[in-house]
Amino acid sequence: MIAENLHKVISTLREGVTLVAVSKFHSVGEMMEAYRAGQRVFGENRPQELSAKVPQMPSDVVWHFIGHLQTNKLGKVLPYVAMVESVDSLHLLEAVSAWCEGRGKVMDILLELHLGAEETKGGFSAEEIREVLGRSARYPGVRFCGLMGMATNTPDEAVVRADFRRIAELFTALRDAHPALDSFRELSIGMSGDYRIAMEEGSTIVRVGTAIFGERL
């Protein structure tokens, strides 16, 4: 069933869109079903779960961290992941950059945009992101690759589309304002319930869990 679900999702993807299979709370056995069906990029949001799964999965898996990352958990995440999609504060940005710089590596990151409609979620404001990118040289341990965001949790597709459009418009404006940041080309918006809308609004990465693995038990 997982392989069938995965192929259904893949069949709907637009060219150039990366599928991150959100495997949080799902077993390594379930992940291997997706792996054997061709999936290579997986997303986790809990450091301990990520670090436990990495040695149990094949070495060619590409890991994205997609949850809130506390600075005291960097050692459980940064050695393993190709990208941190959820850099949501200046404090975390500084910590990730320093950790990586001290180890001679550069981490691909996305800056998480906070939309005002979701007061409980973290993230940067648009103005804060502009300020960070304006002084990007201060963070030699990271590579700024784009934005991550979530739409308001609502069944109203018009609201979801408007949220995604706002994020995409900011992404385009930032990319155009910083041509020297040639790595700034990824827009991670869209999950199982709304990734098709997200792709219509310009998403280059979609984070899909339930539509592949089913509901978490």
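Guide: Happy to. Keep in mind that this is a predicted model. Let's take helix α6, which runs over residues 157-177. It has 21 residues and reaches 30 Å from its first C-alpha to its last, close to the 30 Å expected at 1.5 Å a residue. Have a look at the start of the helix: a side-chain oxygen of D156 comes to within 3.0 Å of the backbone nitrogen of A158.

Now for the two sides. The buried residues of α6 are V160, D163, F164, I167, A168, L170, F171 and L174. They cover an arc of only 160° around the axis, so they sit on the same side of α6. Turn to the other side and you find A158, E169, D176 and A177 exposed. As for what lies over the buried residues, the cover includes α5 (126-134), β6 (142-148), β7 (186-188) and α7 (195-200).

That brings us to the nonpolar interior. In soluble globular proteins, nonpolar side chains tend to be buried together. Here the largest nonpolar core has 66 residues, and F42, L111, F144 and L147 are those with the most contacts inside it. Our helix matters to this tally: α6 gives the most to this core, with seven residues. There is also a second, separate core of seven residues, with V20, V41, M148 and I205 among them.

F144 deserves a stop of its own. Not counting residues up to four places away in sequence, F144 touches L93, I109, L111, V132, L133, S136, Y139, S183 and F184.

What about cysteines? The structure holds zero disulfides. C100 is in no disulfide, and the nearest cysteine sulfur, that of C145, is 12 Å away. Seen from the other end, the sulfur of C145 has its closest cysteine sulfur in C100, and 12 Å is too far for a bond. C100 counts as buried because its relative accessibility is 0%, and C145 counts as buried at 5%.

L92 sits in helix α4 (residues 90-101) and counts as buried at 1% relative accessibility. Leaving aside neighbours within four places in sequence, L92 is in contact with L69, T71, L74, S86 and V87. The C-alpha atoms of L92 and T71 are separated by 6.2 Å, with the two residues 21 apart along the chain.

The other is E44, in strand β2 (residues 41-44), which counts as buried at 0% relative accessibility. Its side chain is joined to that of S23 by a polar contact of 2.6 Å. Beyond four places in sequence, the residues E44 touches include S23, K24, M31, W63, H64 and F65.

Notes
Residues are numbered from 1 along each chain as its sequence is written. This is a predicted model: local features need pLDDT of at least 70, side-chain atom pairs count only at pLDDT 80 or more; totals for chains, interfaces and linings use all residues. Side-chain values use heavy atoms; hydrogens and water are left out. Helices (H or I, at least four residues) and strands (E, at least two) are DSSP runs, numbered from the N terminus. Buried means under 20% relative accessible area, exposed over 50%, partly exposed in between (1.4 Å probe, protein chains only). Contact means heavy atoms within 4.5 Å. The expected span of a helix is 1.5 Å times one less than its number of residues. The arc is that of the directions from the helix axis to the C-beta atoms. A polar contact is a pair of N or O atoms within 3.5 Å; within protein, one must be able to donate a hydrogen and the other to accept it, and residues adjacent in sequence count only if both atoms are side-chain atoms. A disulfide is a pair of cysteine sulfur atoms within 2.5 Å. A nonpolar core is a set of buried Ala, Val, Leu, Ile, Met, Phe, Trp, Tyr and Cys residues joined through side-chain atoms within 4.5 Å.
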